[in-house]
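This report describes selected features of one protein model. Please keep the sequence and the structure in view while reading.

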Amino acid sequence: MSKPSFPAVVAAGALCWREREGVLEVLIIHRPKYDDWSWPKGKRDDGESVPQTAIREVAEEVGLSITLGAPLAVTTYQVKQGRKDVHYWAAHVPASAQAHQDGGEVDELRWVTPEQARDLLTNATDTEPLDRLVALHEAQDLRTRAVIVVRHAKAKPRSSWSRAEGDRPLAATGKRQAVAVGKLLAAWKPQKVISSPWVRCMQTVAGYAKAEGLAIKEKKRLTEAERSRKPGKVEKLMEAVFESGTSTVVCTHRPVLPTVLAVVDRHLPKALRAQLPTEDPYLSPGEMIVLNVSRKHRGRVVSLEQVKPSDD
């Protein structure tokens, strides 16, 4: 059996886009070191998740603070070290936002139409994420909101806990995972935080909620005990999340995930259903599923990503 092939270099970036007078524009950059036109991107730092890399690189190269939208493509090509994978996301930028080159790696930037971008882009692989972005725009699905399902971070073992199950907290490893979860959630900036009120779930999302100034909406139906008695209430909650127009994160327990994911499955187009985990434990502690849902076509899921709080 052949060994799995891993990239020697992992990088990430974003296609920043805006609409001016109904016309789609994308931001491209010129790098004097390579004398090429491309997208804002860069290599992943140690201990950094790939989505965090995309946000950091855009901020460093063009001075924009972005929220990730739908994933667009992973381009692959060879560099001196071996295979390089570059992950791209869409990122909506308000028309009033001001981008500026960093004066080092980037000496010029331009807002251009997709057609103009195709003429300017130096590397053929850079058209792959552009093709996906244009397709989403033409389908009126480029403007999205996030629906995120998180399994709580690693808790102290049941075998070593003699008090109430709802009070069982995160282990030391889980506390570190919770910090990473908070940083990762910031890539999509959900504006509503819903959680099981049991301590280990609340601890998993508390850091993000505090950083964003959000109150956590505690839902007893997301606990293991309530789900086993009344799974229909979990289904109703998740249906309400999909009906909402707000980016939302839901934090729950492994035994609740089958019910949550069954609702997710009903909202997925056929092409995405194969990506949904179907076997226990579904998600590892702290892992999440990120769905981008069309704002124009409410409830239409345009992408699914399964993401760990750290890619190390």
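## A positive surface patch

In this report, a patch is made of residues with over 30% relative accessible area and no salt bridge, and like charges are joined within 9 Å. Lys and Arg count as positive. The model discussed here is a predicted one.

Four lysines, K220, K230, K233 and K236, form a positive surface patch. One of these, K230, is placed in the loop between α6 (224-229) and α7 (231-243). K230 counts as partly exposed because its relative accessibility is 43%.

## Salt bridges

How many salt bridges does a search of the whole structure find? The search finds 19.

In one of them, the side chains of R56 and E48 meet, with a distance of 2.7 Å from N to O. Both of these residues, R56 and E48, are buried. In another salt bridge, the side chain of R110 meets that of E108 at 2.9 Å, N to O. R110 has a relative accessibility of 32%, so R110 counts as partly exposed. E108 likewise counts as partly exposed, because its relative accessibility is 30%.

Where do R229 and E226 lie? Both are found in helix α6, and they are three residues apart, which is about one turn of the helix.

Are R229 and E226 buried or exposed? R229 has a relative accessible area of 55% and is therefore exposed. E226, in contrast, is buried, because its relative accessible area is 11%.

Elsewhere, salt bridges with shared partners join five residues into one network: D45, E48, R56, E57 and E60.

## A pair of antiparallel strands

Strand β5 comprises residues 71-79, and strand β6 comprises residues 82-92. The two strands run antiparallel and are joined by eight bridges. Which residue of β6 is the bridge partner of A73? The partner is Y88.

A hairpin joins β5 to β6, and the hairpin passes through two residues.

Definitions and conventions
Residues numbered from 1 in each chain as written. Predicted model: local features only at pLDDT ≥ 70, side-chain atom pairs only at ≥ 80, totals over all residues. Heavy atoms only, no water. Patch = residues over 30% accessible without salt bridge, like charges linked within 9 Å, V, L, I, M, F, W, Y side chains within 5 Å. Areas by Shrake-Rupley, 256 points an atom, 1.4 Å probe, with all protein chains shown as cover. Charge placed at Lys NZ, Arg CZ, Asp CG, Glu CD. Helix = DSSP H or I, 4+ residues; strand = E, 2+ residues; numbered from the N terminus. Buried < 20%, exposed > 50% of the residue type's maximum accessible area, 1.4 Å probe, protein only. Pairing = 2+ DSSP bridges.
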